[in-house]
Amino acid sequence: MNHAVNNGVWSGTWVAERLGVALDGDDGLTDLLGLALRRNPRRAHLLVSHVLGKHVPQSPAVVHGHGVALGRRVRALLGEEEAARAVVLGYAETATGLGHSVADGLGLAPCLHSTRRPVPGVAPAGGFEEAHSHATSHLLLPEDPALLSGDGPLVLVDDEFSTGNTVLNTIRDLHARHPRGRYVVVALVDMRSAADTARLTDFARGLGARVDLVAAASGTVRLPEDVLERGRELVARHERPAPQDPRQPDSAGPDPVPGAPAARPEAGVPAQRSRGRVARVGLPWPRDLPDGGRHGFTPAHRERLERALPGLAAPIAAALPADAGRILVLGFEELMYAPLRIACALEQTVPAEVRFSTTTRSPVLAVDDPGYAIRSRLVFPAHDDPADGPGDRYAYNVAGAGFDAVVAVVDSAGDTPALHAAGGLLDRLAAHTPHVLLAVVPSHVPGPSGSHSAPERPSMLPEPLRGPAFSSYAPEEVGWLLQDLSDVTLEAPTEEREEAIQGGGAHYAESLPVEYQPSERYQGLFHAALDASAARIARAVGVVTETVLAERSPRPVLVSLARAGTPVGVLMRRWALDRHGLDLPHYAVSIVRGRGIDANALRWLSRRYDPSDVVFVDGWTGKGAITRELTDAIRDFERAEGVTGFDPEIAVLADPGGCVRTYGTREDFLIPSACLNSTVSGLISRTVLRADLVGPDDFHGAKFYRELAGADVSPVFLDTVSARFAEVAAEVGTAVKELLSADRTPTWEGWAAVERISEEYGIHDVNLVKPGVGETTRVLLRRVPWKILARAGAGADLDHVRLLAEQRGVPVEEVGELPYTCVGLIHPRFTRGATGADGRAVAR
């Protein structure tokens, strides 16, 4: 039962013989499809998919895997840049889970599905008709209307193409509102006739848009001319009125006819004598995570759900009877994806056989015959107070399938008295299985009432920017919670910037320095330093990552402080994937000294993840100014937003300042990513915060220097360090054991040293003292340096510093006792006539 072939019989045989229907096409077509009869005046037959997870219980891994495979084909078709701009639209109710799964395979695109459930306060962004369906009207209700207003590719996902009318109706409606140049239509099977195929081609040509088609299999359905009349007669002959007692199974099977066995009550099998036990199981559903794509589901939502799945499956597994050998996870109409993914996690958790399907509005005839796709039917009243009024709902191939337990997963809108009443879904299930578990997912409520944001805030912030559209990093390596200011001229000469900053006329984050273009000699120093230090960096990456996994979270959300922290975040993510198989989410955010961290970025993170899982990452500490800035900013944000749980302690590669507890090393050594600017940081500028460019509801900004692609060494840096992971793994293990038992209380030694140096050299401003190799390099690349203090005997770690100092005419002074390898001093009384230590202007 519930397979395309039962005892050697194709599950479309019964209909094919009686209705004269035939399938022609790919060899695998009948493996994917069976046939049944509809109670629908518009179409007699129903193509029943065995891999969709709607009418036929199937392994959740198989259901999800088919959608993911299609999504990967779409990504390959579009290419990375176009895939990152795409939006996936699935059709209710049948293809909501398939649409999500295609989006999973695509990996970069948000997902939306149409719905037949209007939501008060959410204005439709579109709608269309599905001509052959029993319930025709589809609504599009994105929480953020911008989801459908872009010009990137629109990927439309349905379980099958029959005539193509639904696709044409959708494209016609949306193209009139928001024209775009490309559409991709995706389905499990393409069953259109040659005429229908030509019609879609002509339609696309008339729009001036490209329409591609991706399907797992294709073919055609051969129908006799009188198929509708014959279908109605066949259905009428096989149905009987339902009995009066609502607690008894309804009559869903046909009367005996020649050549066919009689269908017994409610799915062809008698109800069990003792009713099953119904129990509720609580789900630790992440706060503010949407239950699906009715209002939009982003890649970040997907990542957050992925992280939560083991915890969602655990209480279900614990509530199941130990001897359950066959389990069904049953979704609820449009709510397909969340139950499907929970079923996938459960399949990996319990030793039992797990299957997945969902309830539906579609009335289909049930016949208990191996050659018929719908062997059984449970009928029960709608239990979500539908806008179109009460009506029957159905669960197919559940009764008589030998399930030891059924886990019914509904959203909170469907958790009504009707669900629990006599004759309701739970009651019907209990008549056919000994154990029924109810798990409720909270229905997502768009807008202020369903989010942490204050009422005046927008309900949906932009999705992260990703490469290759923004940065040279691969899209999965990091998502940038920034806005793209690449088209804005922000660069100013170093001397002008310094004068404005020190004179109080501008903040350093309001402009950008002109990107330093390294000489051939300097580039050689970078590559030599990288070769010499790759193993040491790999060791520090391993130590800090393992410390985070042991002490902070088993599945942390890495949030790097752009941009110095971002290469470190990428390397930590690579370590977790390489050594533990953990695919950790990683985002980059802006923090600005004196202005705090980007509150909108925190708001975005808090809506999608548990704040306690967020780990802030930076490259190194100097005097600890950013550490203190982050602590203050998190405190202010949580007080204003009512959100709690963020840990402000930064995890760094190197902590020479003694400012944090989570670090890879406390040595002050050369990290080659500090040697350069954007060309070792994914071609991204330092972040920008300026009132005329960044509004109260915007992310901070940054530029993508695409024109510097020829000089980009970002991949070289990452790959060179990653290649040493295996070499240092044993050493990392030993170091972490020692570190976890050591006293790592911050000493703030660096801050004390900076205060002392500031007074000794008559600077009287700690902001002009930049300790450590990384900060000293920044002074030489971006600011107006006065002098460099170097620890006596410092070796090759300072070769690039000495070269930059020589090029800028800045003296390097050796100091006997210095807690850092070097310290950079910014000119304390800068005017454009005093750029060097002797007060003379120095040409760049």
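Residues are numbered from 1 along each chain as its sequence is written, and side-chain values use heavy atoms, without hydrogens and water. Because the model is predicted, local features need pLDDT of at least 70 and side-chain atom pairs count only at pLDDT 80 or more, while totals for chains, interfaces and linings use all residues.

**Sheets**

Helices (H or I, at least four residues) and strands (E, at least two) are DSSP runs, numbered from the N terminus. Two strands pair if DSSP finds at least two bridges between them.

β13 runs parallel to β19 (residues 435-441), and four bridges join them. R277 has H435 in β19 as its bridge partner.

A second open sheet has six strands, ordered β20-β25-β24-β28-β29-β30, again with parallel pairing. Its edges are β20 (479-480) and β30 (662-665). Each of these has a single partner strand, so one side is left without a neighbour in the sheet. β29 (residues 651-654) pairs with β30 in the parallel sense over three bridges. There, A654 stands opposite T665. Helix α16 packs on this sheet and touches β20, β24, β25 (586-589), β28 (614-620) and β29. The direction of α16 makes about 120 degrees with that of β28.

**Helix pairs**

Axes are lines fitted to C-alpha atoms, for helices over the stretch in contact; angles run from 0 to 180 degrees between N-to-C directions. Contact means heavy atoms within 4.5 Å.

| Pair | Angle | Axes |
|---|---|---|
| α15 (residues 520-551) and α20 (residues 725-740) | about 50 degrees | 8 Å apart |
| α6 (residues 165-177) and α7 (residues 194-207) | roughly 5 degrees | within 11 Å |

Angles under 35 degrees count as roughly parallel, over 145 as roughly antiparallel, 65 to 115 as roughly perpendicular and the rest as oblique. α15 is therefore oblique to α20, and α6 and α7 are roughly parallel to each other.

The crossing of α15 and α20 is right-handed (the near helix is turned clockwise from the far one by less than a right angle). Residues of α15 in the contact include A535, V541 and E546, and those of α20 include F725, V732 and L739. The contact divides into 12 nonpolar, two polar and five charged residues. Ala, Val, Leu, Ile, Met, Phe, Trp, Tyr, Cys and Pro count as nonpolar, Asp, Glu, Lys and Arg as charged, and the others, Gly among them, as polar.

In the other pair, N165, V167, L168, I171, R172 and H175 of α6 meet R199, L200, F203 and L207 of α7. That contact has six nonpolar, two polar and two charged residues.

**Salt bridges**

The whole structure holds 48 salt bridges (a side-chain nitrogen of Lys or Arg within 4 Å of a carboxyl oxygen of Asp or Glu). D24 and R222 form one, at 2.4 Å from N to O. D24 lies in β3 (residues 22-25) and R222 in β12 (residues 210-222), 198 residues apart.

**Backbone features**

The A92 to E93 peptide bond is cis, with omega near -10 degrees. E93 sits in the loop between β6 (87-90) and α5 (96-106). A562 and R563 are also joined by a cis peptide bond, with omega about 5 degrees. R563 is in the loop between β24 (557-561) and α16 (565-580). N397, a residue other than glycine, has a positive phi near 60 degrees. The loop between β17 (392-396) and β18 (405-411) holds N397.
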